[in-house]
Amino acid sequence: MAERLLEVKDLKVQFATVDGTVKAVDGVSFDLDRGKVLGIVGESGSGKSVTAMTLMGLTRDVNSRFEGEVLYKGKDLLQVSDAEMQQYRGAEMGMIFQDPMTSLNPVYRIGEQIVEAIRTHEKIDKRAAKNRAVELLRQVGIPNPESRVDDFPHQFSGGMRQRAMIAIALSCNPDVLIADEPTTALDVTIQAQIIELIDRLKDDFNSAVILITHDLGVVADVADEIIVMYAGNVVERAATRDLFYDPQMPYTWGLLGSIPRLDRPRPERLHSITGSPPSLINLPQGCSFRPRCPHAFDRCREKPPLENHVDPPTHLDRCWLDVEYKRAHRGDTIAGGKPEAA
Amino acid sequence: MAQQATETEFTLDTAAELAAHEEPEAIRGRSPWYLAWRRLRRNYVAFFFLFVFIVVVVACAFAPVYAKHVAGTGPNTNHILENVKVNGKETPVVSSGGYIDPHTGKLCPTSQSGCKLVASIPIGPTWFGAGGKFVLGADQNGRDIAVRLLYGGRTSLFIGIFSSAICVFFAVILALVAAYYGGWADFTITRFFDVMFAFPVILLGIALGSALAINGFHHFGINIQSGSIWIPTLIISYVLVPYIGRPLRGQVLSLREKEFVEASISQGASPLRVMFIELLPNIASSVIVFFTLIIANNILLETALSFLGAGVQPPTASWGTMIADGQNLIVTRPWLSFAPGLAIIITVVSLNVFGDGLRDALDPRAKVKVSH
Amino acid sequence: MLNFLVRRTVGAILVIIAVTFIVFVIFIVVPGGDPAQRIAGKNATQQNIVNIRKDWGFDRPFYVQYSKMMQKMFSGELVSYTSQQNVLDQIKLGLPATFSLAIGAGIIWLFFGIVVGVVSAIKAGKLSDRAITVLALIGVSMPVFWLGIVTRYYLAEGGLTTFFPDGEYVAFTSDPLQWFWHLVLPWTVLAVLFIGFYSRVLRGNILDTSNEDYVRTAKAKGLAPNRIMRKHILRLSLIPIITLFGLDFAAVLGGGAILTETVFDLHGVGQYAYESINNFDLPPIMAVTMYAAIFIVVFNVLVDLFYAFLDPRIRPA
């Protein structure tokens, strides 16, 4: 049984704004074991990034409120002081962000930025730290690391910058790596390389990965378990295979259906889920997806709990629909065929 | 029971029906102007100071009314040989001077050291003791300070506001042309800015001010006489153009690279259209903020130039010339310099605070606690 | 790098040439009327005017006029007809005072501007920040000459006290203590305006930089807030301040502190220009303007070099 590194229990994150209270995360629970990759999928505003940043303590602010628990190796990170949280960041949990160009300080050399991360958490002299930096760059696949270590970020290409970011995040051997949309700003060809790299490093460093994206295609290969988030809630949670072969949420069907496919007959229009995500200040009553769901019925006015309705006990979803009905009707949405339902 | 979908697109009746029954709050798109206005509305301090500024402007606009009905005299009328009844007592408007003690402002018994010789001493503030005449006192020429203050305000405000308008107008055009066309246009305009930047603003103002003070400006079909307040106005607008033009050009340059410009051009938009309909609205918030803040700056610049003698020419009143006039008498009649100074500070602070508030509303980032 | 330096120097020289041309245009061409009479000044006789006309080439085409003006400016032979003094000599006399004022005030305003800016940014939104903002705003809104007059009256002439000396400049070489003492008030008055401005700019920069992605990365690395402020935020926020300072300092060195010099009777280069205005004596104004512009252009090049040193993105590859 792999070591349970992270247990998130009913996490709620709210921000007080001039317009009202934004319920960015409204009750999210999941676990993360060592050696595993957890994918968090959702559109902009679903709360996936806020969840990730909260794990790192980066959402702490005068205007934010937290509820629930974030147990990292048994310790509730929501209760930990700012100073202590600082020690966790980088040493226990590392994070990489979406845009590597702006995420690196432009006036310091790459090597200096890696060394800074190392020396914050470990007592090690500059030379040894720099050697480690060079090795890290080698591990993330940057050619000529001995000379590149003294370059500035603007001298690196986009893919290389993201590799450098990964090197920084892993420099202190954290047990959890959180990757927030790591490939969104990169070319498609580089995307695959970066995802592969993350997967490989996870094994090399014996850590766990949380991979956040809006693109199901990105997590299909590497994730062991996937959480689908919508309007601040987890709406479906399953092992990857189960999610793709037996998706239980109409929202998930919509996501699967909107992936352009080369291996199917071309439909007349690319599918999209109609409507827009709801305001996080004024959530709809009941199921948050109801206004956009083609299969909604009157029970949906009551918010469904996250429960298991199918065989694999780890496959949870938030939908009142009958499992048989779902399996019968989801085909058209997912297949991307003519825009009609049964 | 689940309801069937119909043979249409995904906007199915069920969803539409349910949606019709209650209004789920979708995220409403709001224009940035609306958002900015909302932010500004909450800023009571900014609005208070805007109000103060408006009060100043209105007061100065009513200068002739005050002159006629309250003070009974004009800004340039000398009353040097006259008397006025203050609280019943006959007092000369301007009395002869003597040695004055700087500590007390009073006459020294003898010419002890530390006492300054002052030629003539005008009357101090009467504070309505003389029925509205010389409320703030008189200057060495026997002119009513309060009246001059209001008329001076007219001058300084006129120059400040109009010079800003002209300056911003030309700066915007130059910035748009330079950034849009690039190439030679950009090169020339940037070089022009560079050369103008080489001169300290005040020296350039002095240079132009003194050069034009003698004969006025008679070029390009424009004829302005040497005493006109259009001379300082034009000088100040000219001198400040690069200070607005260069940052605006930078902004337009970065906008120019954005896709919406490319899209517009590829749809056949003419250069004028791209410049004024695509680019200009996007720098509008900067322009508005600049305009407000530069009025403040120009008022200070005008008063400085006038103080030095290279701006407004006597006998026209300006807050700057008044401070210069009051310099010698600061020991006995500090109000001569204080009043215009305070007027300047109040006006400029109001503009600065409001301008700051505008800038915050249009581009917020401050870390402020939101209390709920 | 050498390439960069050469290009900037050449550019600077071109700008200086353009500056001289502008000075020529401002004083000779723009005003209209008779340039000879203008240059001759207030006390000119008819003969003076005729001589000047010949000497400066006003009866010849304008490129001759320009070259004659340039000759006079740079040969040190420029003479003020009103005061019968050699302009360049007068400027040299004023240099020590102007330099002393500029350097002292510059150090004060840079130091306090940065300190106040950092403090108000750290305490953003709190009472201390608001108080500082109010003071800074008032400082920026005061006419510097008025502040000078008021300060001089109250603190030196006897309004409240005569604790401070009443204007005038004392050369460092003759009496260092008095030199310092006489400069305290002018330094403070001149610095107030800049401190107000710089602290607000720095505060804005710091708040903006704090929202940058790389600051978020620094937090994610687990860096202490102090270190993040020092090494990441401040380093980037100070770059525009340094550039501003370079240019403002150059302007003050060039006699741009004319108001402070005049109010405190320091007899620097700026005050020389002021005295000439009152007499509409053009040659000194021309010379001071030119001298100031040259200073600024030179400093511009230095600032550019320094900027490239501070921000590696700007460095030529």
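In chain C, the secondary structure comes to 13 helices and two strands; helices (H or I, at least four residues) and strands (E, at least two) are DSSP runs, numbered from the N terminus. What we have is a predicted model, in which local features need pLDDT of at least 70, side-chain atom pairs count only at pLDDT 80 or more, and totals for chains, interfaces and linings use all residues. Residues are numbered from 1 along each chain as its sequence is written, while chains are lettered from A and ligands numbered from 1 in the order in which they are written.

Let me stay with chain C. Taken along the principal axes, its C-alpha atoms fill a box of roughly 80 × 60 × 35 Å. Of its 317 residues, 48% count as buried. The term buried requires 20 or more other C-beta atoms within 10 Å of the residue's own, exposed means 12 or fewer, and partly exposed lies in between, with C-beta atoms placed from the backbone. As for contacts in chain C with a separation of 6 or more, 70% are accounted for by residues 24 or more positions apart. A contact requires the C-beta atoms of two residues, placed from the backbone, to lie within 7 Å.

Most residues other than glycine have a negative phi, and most peptide bonds are trans. Asp265(C), however, has a positive phi of about 60° although it is not a glycine. Asp265(C) is placed in the loop between α11 (258-263) and α12 (269-278) of chain C. His267(C), in the loop between α11 and α12 of chain C, has a phi near 55°, a positive value in a residue other than glycine. Are these residues buried or partly exposed? Asp265(C) has 16 C-beta neighbours inside 10 Å, so it counts as partly exposed. His267(C) has 20 other C-beta atoms within 10 Å and is therefore buried.

Within chain B, helix α5 (residues 145-181) has 37 residues and reaches 52 Å from its first C-alpha to its last, close to the 54 Å expected at 1.5 Å a residue. That expected span is 1.5 Å times one less than the number of residues in the helix. Because 27 of its 37 residues are buried, α5(B) is largely enclosed by the rest of the structure. Just after α5(B), Gly182(B) takes a positive phi of about 60°. Elsewhere in chain B, the peptide bond from Pro314(B) to Pro315(B) is cis, with omega near 5°. Pro315(B) has its place in the loop between α10 (271-308) and α11 (319-326) of chain B.

Finally, chain A, which has 12 helices and 12 strands. Its C-alpha trace spans about 65 × 45 × 45 Å along its principal axes. For 342 residues, a compact globule would have a radius of gyration near 20 Å, and the 21 Å of chain A agrees with this; the radius is taken over C-alpha atoms, and the globule rule is 2.2 Å times the number of residues to the power 0.38. Buried residues make up 48% of the 342 residues in chain A.

Gln98(A) is found in the loop between β6 (93-96) and α3 (100-103) of chain A. With 19 other C-beta atoms within 10 Å, Gln98(A) is partly exposed. How far apart are Gln98(A) and Pro182(A) in sequence and in space? They are 84 residues apart in sequence and 4.9 Å apart in space, C-alpha to C-alpha. Not counting residues up to four places away in sequence, Gln98(A) touches Asp180(A), Glu181(A), Thr184(A) and Ala185(A).
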